[in-house]
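This briefing sets out selected features of one protein chain for computational work. The points that follow are grouped by topic.

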Amino acid sequence: MRDKGNLDRISRLPDELLVNILSSLPTLSAVQTCILSSRWRHLFTLTRNLSIDDREYFGTASLAQSEERRMSFERFVDGVLALHGISPIHKFSLNLQRTSDFDCPHLPMWITAAILKGVQHLDLFIRIHPNTLPSCIFDCQTLTTLDIFANKGYDLSVPGLVCLPSLRTLKLQCINILDGDSVNRFFVGCSQLKELYLHACRFTTDHVCVSATELRTLSIFSCSGHLVIDAPNLANLLHVCMPPFLGVGVKNLRSLLSVELCHLWMSRPPQVLHDIIRGANNARELILNSNAVQLLTMVGDNSMPTYSKLEKLQLGYCYRDAWKYLMVWLGNSPQLETIILKKGLIIMKRGMEHELLSDVALPPFSTNVKTIKVHQFRGHKVELLLLKYLLENAGVLQRLILIKDATMEMNQELQVSKELALLPKASTYCTIELIEP
């Protein structure tokens with residue numbers, strides 16, 4: 001203030017701090033700072049992170065018949081890498097969405113340049129054509145994170161030798177691996193892999209089982225193929241299936257702590273999800289979407305495993321038949337403390353309330369559940385009946401949280417509140433909360 005705003009305090013910061021600031025900016029913005037003054041002219045060449053996004057370079061301009069624009073963008077990226085000199089690259093992020101309709105012959109050279117500079121995190125969002133990925137990407141000693149999103153699908157050609165000793169996180173989206181030997185070579189070369197994300201990948205292999213002994217987190221989204229991942233130390237699993245994908249299998253699940261299963265099939269869930277629900281009996285948290293709740297009825301009450309460590313159970317819509325098996329589940333889960341019903345207590349069709357009331361015959365149960373949270377609570381007669389049943393059997397329940405459905409009106413809320421207050425409770429410590437969404 002004494003200098004009347006003429007003092008450039010930012011430019012007086014030390015180089016190390018300014019480089020940290022520029023490293024957090026998109027590369028185009030970092031390069032543009034070179035025109036500020038001679039103090040800034042070469043600072044961007046010291047940045048450790050390069051984030052190149054062609055949407056920022058082209059803006060909203062049309063790329064139709066714009067070969068000159070594409071060449072200008074390639075010269076920009078070539079210039080950035082050339083001026084970067086011998087400075088190491090910690091993270092290299094390349095997002096080519098606006099130029100995805102063009103061939104990009106410089107792409108392998110850009111990736112190779114980043115690898116030669118000791119890149120640790122490589123993030124590629126590209127439409128890759130055959131032989132686009134350089135072979136050195138499979139033999140990078142420094143790479144710890146590899147994320148490849150091929151926005152039009154890509155048949156990955158795996159070289160004879162894969163050596164990624166530092167790789168901890170691998171994300172593959174829209175990648176196809178066409179033979180079992182390539183799959184085996186790839187996973188053998190990633191011996192220290194901790195996190196694996198597979199999204200819309202296709203494995204056209206013949207019943208290949210790969211070992212991933214260090215894997216801790218596995219996420220599978222709509223993948224297909226005869227591939228089974230053996231992960232004896234897996235702790236977190238997310239598995240999403242949708243037609244026509246049958247899904248990648250997982251075995252050796254004794255160490256699982258958290259499991260989330262989601263499927264969008266109209267008929268019976270695929271066998272791979274059935275195998276997971278039976279093998280995850282040591283899990284502490286289990287999340288099933290509405291269709292995956294059908295797994296309860298598939299397992300059946302006579303063959304339901306004991307979930308001795310399960311503490312939290314989250315379900316989507318509970319179908320009428322699923323409630324019977326849910327009670328068996330409670331009896332086989334002595335440590336269960338929290339139940340969350342994300343889509344309401346029970347799925348109902350208009351005019352079927354009487355049928356539901358007459359058909360739902362639930363046995364008594366004993367449980368250590370302390371909290372039950374119900375989303376989209378509508379206050380229908382069958383819901384109140386189910387709540388009465390739960391309250392009469394949950395002897396140590398402390399909180400029943402009912403999150404109102406958005407369609408519940410004021411007069412209905414008052415009536416439901418009165419009926420809730422009259423429900424008998426086995427637990428003298430239980431409170432019932434009817435709250436806004």
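In this predicted model, phenylalanine 186 has a relative accessibility of 2%, and it therefore counts as buried, the cut-off being under 20%. Phenylalanine 187 has a relative accessibility of 8%, so this residue counts as buried as well. Phenylalanine 138 is likewise buried.

**Aromatic pairs**

- The model contains 4 aromatic pairs.
- One of them joins phenylalanine 138 and phenylalanine 186, with 6.1 Å from centre to centre and 80 degrees between the planes, an edge-to-face arrangement.
- Phenylalanine 138 belongs to the loop between strand 3 (121-126) and strand 4 (145-155), whereas phenylalanine 186 belongs to helix 6 (residues 180-188); the pair therefore ties together parts that lie 48 residues apart in sequence.
- The ring centres of phenylalanine 186 and phenylalanine 187 are 6.2 Å apart, and their planes meet at 75 degrees; because edge-to-face requires an angle over 60 degrees, this pair is edge-to-face.
- Through such ring pairs, Phe138, Phe186 and Phe187 are linked into a cluster.

**A charge over a ring**

- Lysine 171 places its charged end over the ring of tyrosine 197, at 5.0 Å from the ring centre.
- Tyrosine 197 is also among the residues touched by serine 219, when residues up to four places away in sequence are not counted.

**Serine 219**

- Serine 219 is located in strand 8 (residues 217-221).
- Its relative accessibility is 7%, so serine 219 counts as buried.
- Beyond residues up to four places away in sequence, serine 219 touches Leu196, Tyr197, Leu198 and Leu238.

**Helix 1**

- In helix 1 (residues 15-23), the buried residues are Leu18, Val19, Leu22 and Ser23.
- Viewed down the helix axis, these buried residues fall within an arc of 140 degrees, and they therefore line one face of helix 1.
- The partners against which the buried residues of helix 1 pack are helix 2 (27-32) and strand 1 (49-53).

**Isoleucine 86**

- Isoleucine 86 occurs in the loop between helix 4 (67-83) and strand 2 (91-95).
- With a relative accessibility of 86%, isoleucine 86 is over the 50% cut-off and so counts as exposed.
- Isoleucine 86 and lysine 117 are separated by 31 residues in sequence, while their C-alpha atoms are 7.2 Å apart in space.

**Nonpolar core**

- Nonpolar side chains tend to be buried together in soluble globular proteins.
- The largest nonpolar core comprises 126 residues.
- Phe92, Trp110, Ile229, Trp323 and Trp329 are the residues with the most contacts inside this core.
- Apart from neighbours within four places in sequence, phenylalanine 92 is in contact with Leu50, Ile52, Trp110, Ala114, Val119, His121, Leu122 and Asp123.

**The chain as a whole**

- The secondary structure of the protein chain consists of 12 helices and 18 strands.
- Of its 437 residues, 48% count as buried.
- Among contacts in the protein chain with a separation of 6 or more, 65% are between residues 24 or more positions apart.
- The protein chain has an accessible surface of about 21400 Å², and carbon and sulfur atoms account for 53% of that surface.

Technical notes
Residues numbered from 1 in each chain as written. Predicted model: local features only at pLDDT ≥ 70, side-chain atom pairs only at ≥ 80, totals over all residues. Heavy atoms only, no water. Phe/Tyr/Trp six-rings, centres within 6.5 Å; stacked < 30°, edge-to-face > 60°. Helix = DSSP H or I, 4+ residues; strand = E, 2+ residues; numbered from the N terminus. Buried < 20%, exposed > 50% of the residue type's maximum accessible area, 1.4 Å probe, protein only. Lys NZ or Arg CZ within 6 Å of the ring centre and 35° of its normal. Arc of directions from axis to C-beta. Contact = heavy atoms within 4.5 Å. Core = buried A, V, L, I, M, F, W, Y, C linked by side-chain atoms within 4.5 Å. Areas by Shrake-Rupley, 256 points an atom, 1.4 Å probe, with all protein chains shown as cover.
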